[in-house]
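Please keep the structure in view while reading.

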Amino acid sequence: MSEVTASPTTEPGSDRPMIEIDHLNKWYGNFHVLRDINLTVTKGERIVICGPSGSGKSTMIRCINHLEEHQQGSIVVNGVPMTNDVKRIEQIRRNVGMVFQHFNLFPHITVLENCCLSQIWVQKKPRAEAEKTAMEYLERVQIADQAQKYPGQLSGGQQQRVAIARALCMRPEVMLFDEPTSALDPEMIKEVLDVMIELAHEGMTMLCVTHEMGFAKTVADRVIFMDQGQIIEEAPPTEFFNNPRSERTQLFLSQILGH
Amino acid sequence: MTDSTFRTEMIEAREAPDQSRGVIGWFRANLFNGPINSIISIVVILLLARLVWPFLEWAVIDADWIGTTRDACTGEGACWVFISARFESIVYGFYPEAARWRVDIVFALLAILVAWLAIPKMPRKKWVALFTLIGFPIIAFVLLVGGMFGLQHVPTRAWGGLMLTLTIAVVGIVGSLPLGIILALGRRSKMPFVKGVCVIFIEFWRGVPLITVLFMASVMLPLFVPGNIDFDKLVRALIGIMFFWSAYMAEVIRSGLQAIGKGQNEAGQALGLGYWQRTGLIILPQALKMVIPGIVNTFIALFKDTSLVLIIGLFDMLAIIRAGLTDSNWLGFSTEGYVFAAAVYWVFCFSMSRYSQYIERRLNTGHKR
């Protein structure tokens with residue numbers, strides 16, 4: 001227990017990596033979904049992960065907040081090594097925000113309550129303070145006027161922006177995005193990407209699984225290409241899009257950019 | 001040749017065409033929109049008239065209402081004097097007359113609390129709910145059982161009538177819901193021991209008929225328990241009824257839990273909420289709302305099945321009415337007795353049904369999944 005509480009958060013000037021993934025291996029039964037993943041993310045870095053469906057990209061980022069359990073290798077988030085201890089996992093989750101493909105807002109409570117819930121129950125903030133923080137972030141994703149509505153009354157793009165605000169309310173050190181625009185109509189993709197770009201400019205550490213290559217070109221520090229559970233290529237966006245080295249990457253890029 | 005077309009002005013939204021053309025329009029559209037439907041409608045209306053009218057004649061128009069003895073029953077129709085003459089015992093059973101005010105207080109308190117919780121505008125719901133679950137049972141126990149604070153002790157043998165029916169129903173409903181929730185959660189647990197215990201409990205109680213449970217509770221149990229421990233017969237029946245219905249409740253609630261997408265739990269996890277927080281704040285509110293019809297269905301079944309306790313010698317409302325039929329002064333009024341009993345059960349069950357529909361509408365937050 002003392003070990004858990006004693007783990008330090010990032011002090012200014014510390015250049016310790018925000019996320020360290022070392023030889024991560026994961027199986028679903030006998031199926032080897034993640035194979036020897038090594039990845040280090042420093043504070044403020046923006047990473048875009050792409051790859052064909054079933055390549056393990058979602059599974060990988062879901063391991064970072066233990067929505068998926070891994071069998072081999074290690075994950076260290078903000079200096080806290082991941083174990084199977086529930087307290088430890090919850091400590092890591094408090095520092096890691098996540099945005100899902102299908103938003104996963106809580107449909108039975110209002111937008112405002114969605115944003116307050118974890119502040120009140122996890123961070124133990126008084127309600128008034130939690131609501132203030134929630135309204136701040138709802139303002140930032142430009143949806144404050146919908147605060148009293150229920151998620152079911154909003155459009156997909158609005159719901160996803162609320163989901164981003166909900167995650168930000170916990171003031172996380174890292175944000176994970178799991179295909180945040182894949183379930184949206186084309187007209188709504190932009191409003192969500194705009195919020196994500198703004199967030200990137202503010203220096204948030206971000207890992208985004210996405211097929212929005214425009215987004216990758218504008219904000220990513222590194223683009224990671226995954227296939228068959230492994231990292232095939234890892235490069236800055238200009239290099240990644242102009243001179244992809246592996247044949248598999250070239251094929252993938254030609255398929256998603258070639259129309 | 002294809003011309004390209006384009007629109008310079010947008011079309012304004014218009015009102016929907018009027019489809020309801022008064023009462024006659026409704027009848028024409030729904031009952032008489034064709035020769036076959038017209039014939040079916042007429043036949044059904046005639047049949048209903050043939051059935052309903054004689055019943056009304058018997059129950060209302062030709063009925064005798066006023067009087068105290070059998071001599072008042074002169075008309076062709078029903079003689080409700082049978083009910084009014086025995087009304088006290090139908091409500092209180094064999095509860096001593098001098099102490100019946102205690103039952104009245106409990107009834108009134110229960111009615112006030114239920115109304116308070118059921119009407120949305122009433123303030124301080126949380127405290128009233130807490131009082132209903134903790135304070136009220138203690139007060140009701142003290143008042144009904146007595147034997148303390150100078151109140152005369154009334155053994156449960158003397159309980160009966162509607163009072164006993166309501167006692168069993170309320171205890172059964174209040175007990176089986178939380179127990180059912182715990183069993184449903186336990187059955188979905190990843191811990192093999194917890195899961196195993198819940199599965200065995202549910203499958204055992206669901207697999208035996210309620211009558212068997214009641215017989216076991218009243219006849220068999222005392223054989224296994226040392227003679228000096230005297231379990232009250234009513235308490236044994238209550239525990240049996242609670243366990244039996246909690247197994248049903250658990251399966252109803254489990255179907256609700258199953259319907260909640262995995263994403264809800266994951267979103268809670270990602271926000272750092274613990275198991276009980278996710279369950280209590282996210283999963284259960286949605287799951288319970290979804291299975292309100294099933295829960296109320298179980299409540300209604302429970303309410304009606306309280307009448308089974310008559311086979312172990314507890315005199316609930318139906319048993320009291322049946323006992324009244326054997327009274328030599330009142331032979332031959334069984335129809336009145338059973339119609340009255342049915343009406344009372346129906347009023348309670350129908351109220352529950354309507355209230356559940358109202359709650360469903362009120363809790364609807366417009367989400368599809």
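In this predicted model, about 2,000 Å² of area is buried between chain A and chain B, and carbon and sulfur atoms give 61% of that area. The contact involves 22 residues of chain A and 20 residues of chain B.

Within this interface the rule finds 1 salt bridge, which is formed by A:Arg62 and B:Glu266, with 2.6 Å between the closest N and O atoms. The interface also has 6 residue pairs in polar contact, both residues of each pair being at pLDDT 80 or more. On the side of chain A that touches chain B, the elements giving two or more residues are α3 (86-95), β6 (96-99) and α4 (111-121) of chain A, and the largest share, 3 residues, comes from α4(A). By class, that side of chain A comprises 12 nonpolar, 5 polar and 5 charged residues.

The second largest pocket can be considered next. About 1,300 Å³ of space lies in this pocket, and its lining is made up of 31 residues, with B:Lys190, B:Asn265, B:Gln269, B:Tyr275 and B:Arg278 lying nearest the centre. Two or more residues of the lining come from each of α3 of chain A and α7 (161-187), α11 (262-270) and α12 (275-290) of chain B; of the elements, α12(B) gives the largest share, with 5 residues. The lining of this pocket divides into 12 nonpolar, 9 polar and 10 charged residues.

The structure also holds 2 cavities of 30 Å³ or more. The largest cavity, with a volume of about 50 Å³, is lined by A:Arg140, A:Val141, A:Leu168, A:Val195, A:Glu198, A:Leu199 and A:Glu202. Helix α7 of chain A, which spans residues 186-201, gives the most to this lining, with 3 residues, and the lining as a whole has 4 nonpolar and 3 charged residues but no polar ones.

Which residues line the second largest cavity? Chain A provides A:Arg93, A:Val96, A:Gly97, A:Met98, A:Ala167 and A:Met170, while chain B provides B:Ala270 and B:Leu271. The volume of this second largest cavity is about 40 Å³, and β6(A), one of the elements on the side of chain A that touches chain B, gives the most to the cavity lining, with 3 residues. The lining of the second largest cavity divides into 6 nonpolar, 1 polar and 1 charged residues.

Key. Residues are numbered from 1 along each chain as its sequence is written. Chains are lettered from A and ligands numbered from 1 in the order in which they are written. This is a predicted model: local features need pLDDT of at least 70, side-chain atom pairs count only at pLDDT 80 or more; totals for chains, interfaces and linings use all residues. Side-chain values use heavy atoms; hydrogens and water are left out. Contact means heavy atoms within 4.5 Å. Buried area is the accessible area (1.4 Å probe) that two parts lose on being put together, summed over both. A salt bridge is a side-chain nitrogen of Lys or Arg within 4 Å of a carboxyl oxygen of Asp or Glu. A polar contact is a pair of N or O atoms within 3.5 Å; within protein, one must be able to donate a hydrogen and the other to accept it, and residues adjacent in sequence count only if both atoms are side-chain atoms. Helices (H or I, at least four residues) and strands (E, at least two) are DSSP runs, numbered from the N terminus. Ala, Val, Leu, Ile, Met, Phe, Trp, Tyr, Cys and Pro count as nonpolar, Asp, Glu, Lys and Arg as charged, and the others, Gly among them, as polar. On a 1 Å grid over the protein atoms alone, a cavity is a set of points where a 1.4 Å probe fits but cannot get out, and a pocket is an open set with protein on both sides within 12 Å along at least five of seven lines; lining residues have an atom within 4 Å of a point. Grid points are joined across faces, edges and corners, and a volume is the space filled by probe spheres set on the points.
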